[in-house]
Amino acid sequence: MVDAVLAVALVPVVGIQTGNALVERGLDAPASGWLLAVALCAPVAVRRRWPVAALIVTTAAVLAAIAMGLVFVGASAMLVLPAVLVLYSVGRAEPARRAVDAALCTAVGLSLLAVLLVMAVPGTTSFDHVGAGGLVVAQLSVAWLVGRAVRQRHAPPRPSPAGG
């Protein structure tokens, strides 16, 4: 229930940011911005039940936002926030091997696309390229690490080895 409320609350915040970013890019497509906001935020509602599936959908929506050039016009924090929440849930809920695979695929894929798209923008510097990929990786890494730490904290204690 809490996740559904969070998802609904995020839609207008992300929608406004997306709409503003589209206007800054010279695109007057408010419907596209709201559809993207729903695609980004809806998986937050099911992130505890199906964390990996929610991550796939959210990652696809973030990839769409990056492809539209929205991550680099000031809306990046809000656009990546749903992916951060979902990746936390993957780190928290999934076994270590599966959580590592999901985190690496997401972080590497999004950061490489971010760097490639920034390189394609005329007038950008190499600092912009590193910054774009680094920001995405940093946000996602922190979320995943916190999820893993919470999982470890709540794990039952391991038995001590017998004998001494």
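Contact here means heavy atoms within 4.5 Å. With that settled, here's a quick tour of a predicted model, in which local features need pLDDT of at least 70, side-chain atom pairs count only at pLDDT 80 or more, and totals for chains, interfaces and linings use all residues. Residues are numbered from 1 along each chain as its sequence is written, and side-chain values use heavy atoms, with hydrogens and water left out. The protein has six helices and zero strands, where helices (H or I, at least four residues) and strands (E, at least two) are DSSP runs numbered from the N terminus.

**Overall picture**

- Going along the sequence, you read the pattern α-α-α-α-α-α.
- Of the 164 residues in the protein, 37% are buried; that label means under 20% relative accessible area, while exposed means over 50% and partly exposed covers what's in between (1.4 Å probe, protein chains only).
- Take the contacts with a separation of 6 or more: 74% of them are between residues 24 or more positions apart.
- The accessible surface comes to about 9100 Å², and 70% of it belongs to carbon and sulfur atoms. These areas come from the Shrake-Rupley method with a 1.4 Å probe, and for residues only the protein chains shown count as cover.

**Salt bridges around D3**

- A search of the whole structure turns up two salt bridges, each being a side-chain nitrogen of Lys or Arg within 4 Å of a carboxyl oxygen of Asp or Glu.
- One of them pairs D3 with R47, with the closest N and O atoms 3.1 Å apart. D3 sits in helix α1 (residues 2-24) and R47 in the loop between α2 (30-41) and α3 (51-67), so this pair ties together parts that are 44 residues apart in sequence. Both D3 and R47 are buried.
- D3 also meets R48 in a salt bridge, at 2.6 Å from N to O. R48 is in the loop between α2 and α3 and D3 is in helix α1, so here the parts tied together are 45 residues apart in sequence.
- R48 counts as exposed, because its relative accessibility is 58%, whereas D3 counts as buried at 6%. Shared partners join D3, R47 and R48 into one network of salt bridges.

**Rings and charges**

- R49 lies over the face of W50, 5.4 Å from the ring centre. For a charge to sit over a ring, NZ of Lys or CZ of Arg has to be within 6 Å of the ring centre and within 35 degrees of the ring normal.
- The count of aromatic pairs is zero, going by rings of Phe, Tyr and Trp (its six-membered ring) with centres within 6.5 Å.

- S89 is found in helix α4 (residues 76-93) and counts as buried at 4% relative accessibility.
- Not counting residues up to four places away in sequence, S89 touches R47, P51 and E94.
- L85 is in helix α4 too, but L85 is partly exposed, with a relative accessible area of 21%.
- Leaving aside neighbours within four places in sequence, L85 is in contact with L6, L10, V44 and R47. L85 and V44 are 41 residues apart in sequence, with 7.0 Å between them in space, C-alpha to C-alpha.

- T106 belongs to helix α5 and is buried, with a relative accessible area of 5%.
- Setting aside neighbours within four places in sequence, T106 is in contact with L55, T59 and L140. From T106 to A60 the C-alpha distance is 9.7 Å, and the two are 46 residues apart in sequence.
- V100, L104 and V108 make a nonpolar surface patch of about 240 Å². Patches are made of residues with over 30% relative accessible area and no salt bridge: like charges are joined within 9 Å, nonpolar side chains (Val, Leu, Ile, Met, Phe, Trp, Tyr) within 5 Å.
- V100 is found in helix α5 (residues 96-120) and is partly exposed, at a relative accessible area of 33%.

**Helix α6: V136**

- V136 has its place in helix α6 (residues 126-154) and counts as buried at 3% relative accessibility.
- V136 and V84 are 52 residues apart along the chain, and 9.5 Å separates their C-alpha atoms.

How values were computed: Phe/Tyr/Trp six-rings, centres within 6.5 Å; stacked < 30°, edge-to-face > 60°.
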